[in-house]
Amino acid sequence: MDAWIALLARELALLAVLGIIGLGPVALLHRSVDRATRLALAPAYGLAIAVCVLVTTLWRVPAHRGWPLLVGMMVVSLAMAFILARRAAPDAPERRPLSIPRRELAQLVVLVAVVLIALSLPMAILHSTGPAGGYRIADASGYVAQIDGAQRESIHAAKLEHAPWRDLTIQMWSGAAGGYQQIGFDAVAAHMNELLGLHATDTHSAFLICLILIGALAAWAVVRQVTATRSWAAVLAGALFAGPFFRTLYLEGSEGAIAGIQLVLPALLAGWWALRYRRFWDLLAFGLMAAGLQTLYPLYVPPLVVGGAIVLAVLGVGWVRRHGWSTAAAAKATGMLLGALAIAAVLTPVAFERNVRYWKLILQGKQSYAGLPPYDLPPAIVPSWLLQTRELYFLPHLDGQPLSQLLVSLAVPLLIVAAIAYGLRRRPVALGALAVIVAAVLFANRTATSDDCSYCAQRSLLVIAPLAMALFGIGLAAMRSRGGRVAVAALPIALITVVAVGSMARHSALRLQWSSYVFDEQINTVLKQLPDQQGPVQIEGFGMTYLAPMVEPLAYNRVNEVTDAPVSIAAETDSGRGLIYLGGPRPIGLEFRPDYKYILTRFPDIVVPTRRTIKRSGPVALEQRTGDLDVTVTDGLVARQAWQEDPGTAWVVTGQAVHFWVIGGPVKRVWLKVRLQATVPVKIDPAAVTSKQTGGEIVACLPVDGPPPVRRADLYFTLPNTAGPPPKNAYAVVSPPTGAKLTEMAVSSRSCRPST
């Protein structure tokens with residue numbers, strides 16, 4: 001319950017702040033825009049304004065000093081909304097932004113509840129506020145480091161940082177600041193965290209859920225505006241943002257993609273209003289949305305630009321055919337277009353400069369795609385993924401599929417497409433979205449064929465999903481307004497879609513629960529016991545799990561958030577790739593502190609006589625170093641997930657070196673003793689090791705030479721691969737082999753014997 005309340009509180013806090021920032025701008029929308037639509041769009045406008053302002057100021061002012069800007073933007077927006085409402089009330093009471101009819105209020109309440117509950121419930125079941133660290137992609141780890149870095153240092157200051165690195169969070173932030181990847185929502189999250197007194201690991205998941213809700217509210221507004229109805233089909237269009245397409249992005253922590261996609265629909269709506277009303281504010285609003293979109297995720301800009309060019313070309317041809325060529329009209333249209341583009345650049349100069357470098361590299365063919373994950377995207381199945389009757393990680397080819405699979409892959413998407421086609425026929429203005437879809441498909445095809453980058457193709461196609469959800473809502477609303485048999489047919493199409501999408505959403509939720517890494521709340525539990533008189537904190541064992549790229553950096557960043565003491569980590573070896581979001585492996589340097597006083601360990605079942613346990617919670621323990629000598633394991637073991645049995649046990653990986661570091665001590669030679677429990681025969685190398693086996697217990701001793709403070713010792717254990725317990729369900733990750741486990745590691749200046 002605590003996790004549930006914390007998630008909802010943080011989600012609603014961000015929604016409220018962005019909504020208040022957007023209240024003033026939406027009060028300037030055309031008088032034909034109803035009050036409910038203004039309220040629904042306010043968070044999107046607030047997001048666009050906040051990201052442009054905060055990324056720009058973050059260039060020189062870190063979030064811990066710049067967070068009052070959020071308060072200032074809210075105050076200015078509220079004052080602006082109040083003044084405009086007072087002026088408009090006598091003549092146009094519909095322009096009061098905060099007064100909406102009960103029907104619209106009920107729809108908004110239902111939509112907010114559905115999206116927040118559907119996306120937050122799996123996290124509440126796991127008793128975690130996140131971050132949802134990742135399924136196959138560990139993007140959350142990188143974004144958390146960038147947000148934490150932005151709270152502490154400006155972009156300019158981070159660019160000036162250089163190796164050797166003592167703080168790996170700052171190393172990641174420096175890499176992002178000095179490159180061209182979007183910073184975008186990192187700036188907003190960092191300032192919000194300072195306002196709330198929280199950190200990135202506290203809020204990352206909650207903020208991503210809130211972003212998805214902002215997109216859902218925008219879809220609701222778009223359906224109402226395009227159809228000029230009060231249909232509940234708008235609620236359905238928004239509720240579909242809780243479907244498997246958006247859940248997949250969420251469980252991978254894809255902050256940039258999620259944030260940018262929420263402004264796609266508001267940007268197109270603003271563009272329509274700019275063409276329709278031709279007022280200065282409408283042009284400014286469109287430029288603002290374009291600026292926010294390119295700041296959040298520049299990859300979405302090209303298909304929108306090409307789609308917009310197609311729309312303008314069609315409109316231009318129609319104008320010429322009806323009225324003949326007019327140089328003045330052409331100049332005015334060109335001026336409006338260039339004005340919008342200029343606004344989009346001027347409102348976010350820092351992001352625009354970075355994006356120019358990014359687009360330039362792509363156009364020159366110098367962008368590297370090495371290391372990006374591959375995707376199998378069968379062309380016949382891709383529509384079902386974008387229409388959410390299939391999830392990304394289960395897109396089987398049609399050959400040999402049973403009837404049930406063909407239904408969700410072909411039949412249900414065809415029903416959705418039929419509703420969309422009807423909506424386009426009844427509301428031709430929505431054809432502008434179709435132009436963007438065509439452009440996105442062309443970009444995806446180019447990157448898949450010319451660049452051989454299926455990941456890039458997948459990212460290019462992402463922009464289609466929110467458009468499809470809005471078009472589906474428009475189609476259903478158009479069918480309902482037509483009446484007769486057409487209206488009756490809308491209901492079964494909606495029900496079939498809800499069942500199909502809901503079923504796939506359940507699969508995504510199960511992947512989050514059983515196959516992904518969701519931050520272990522036990523880490524927070526033990527870190528609360530960190531004494532006030534702190535010393536360096538060593539991170540141990542978090543890189544030795546099957547989901548190490550998600551686990552280790554989040555543990556490191558969390559410790560860095562809650563203590564002012566140095567964080568220490570052994571980074572010489574990285575078989576589990578846990579250091580991928582911490583700068584990668586490196587020779588021992590400033591990142592390791594041999595004088596560490598406390599140890600946050602993922603192997604609490606290992607007895608270490610030179611330590612005392614301060615607090616243990618499940619698979620995690622906080623320990624205190626009690627003497628000058630200590631020993632830590634840096635690689636070669638593996639831990640189970642927190643929800644699996646014996647999660648604190650250190651299982652031995654056969655045929656792989658187990659790396660030990662002996663820390664401290666003035667003498668050159670010390671002795672290392674390790675104790676194992678085995679159910680299978682175990683062979684130990686090197687030959688210098690003396691060992692003794694009694695039943696299932698193995699004790700090994702070896703001398704460790706070298707100058708202090710760090711001495712290294714490697715042990716090789718060869719044993720048969722013994723399968724762990726079977727997975728609890730089809731989604732659960734496999735348990736590690738269970739042939740032997742390390743139960744003790746001890747170090748002494750005196751020679752040890754296997755019998756002791």
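Trainee: On what basis are residues numbered and features counted?
Mentor: Residues are numbered from 1 along each chain as its sequence is written, and side-chain values use heavy atoms, with hydrogens and water left out. Because the model is predicted, local features need pLDDT of at least 70, totals for chains, interfaces and linings use all residues, and side-chain atom pairs count only at pLDDT 80 or more.

Trainee: Which cysteines form a disulfide, and what is its handedness?
Mentor: A disulfide is a pair of cysteine sulfur atoms within 2.5 Å, and a search of the whole structure finds one. The sulfur atoms of Cys453 and Cys456 are 2.1 Å apart. The torsion about their S-S bond is about 70°, so the disulfide of Cys453 and Cys456 is right-handed.

Trainee: Is Cys453 buried or exposed?
Mentor: Buried means under 20% relative accessible area, exposed over 50%, and partly exposed in between, with a 1.4 Å probe and protein chains only. Cys456 has a relative accessible area of 11% and is buried. Cys453 has a relative accessibility of 4%, so Cys453 counts as buried.

Trainee: In what order do the five strands of the open sheet stand?
Mentor: Strands (E, at least two residues) and helices (H or I, at least four residues) are DSSP runs, numbered from the N terminus, and two strands pair if DSSP finds at least two bridges between them. The pairing in this open sheet is mixed, and the order is E4-E3-E5-E7-E6.

Trainee: Which strands stand at the edges of that sheet?
Mentor: An edge strand here has a single partner strand, so one side of each is left without a neighbour in the sheet. The strands at the edges are E4 (567-569) and E6 (611-617).

Trainee: How many bridges join strand E5 to strand E7, and which residue stands opposite Thr601?
Mentor: Strand E5 (residues 598-601) and strand E7 (residues 620-625) run antiparallel and are joined by four bridges.

Trainee: How many residues of helix H23 are buried?
Mentor: Helix H23 comprises residues 464-482 and reaches 27 Å from its first C-alpha to its last, close to the 27 Å expected at 1.5 Å a residue; the expected span is 1.5 Å times one less than the number of residues. Gly483, with a positive phi near 80°, follows H23. H23 is largely enclosed by the rest of the structure, because its buried residues number 16 of the 19.

Trainee: Which strand holds Asp630, a salt-bridge partner of Arg611?
Mentor: Arg611 forms a salt bridge with Glu623, with the closest N and O atoms 2.8 Å apart. Arg611 lies in strand E6 and Glu623 in strand E7, so that pair ties together parts 12 residues apart in sequence. Asp630 also forms a salt bridge with Arg611, at 3.3 Å between the closest N and O atoms. This second pair ties together parts 19 residues apart in sequence, because Arg611 lies in strand E6 and Asp630 in strand E8 (residues 630-635).

How values were computed. A salt bridge is a side-chain nitrogen of Lys or Arg within 4 Å of a carboxyl oxygen of Asp or Glu.
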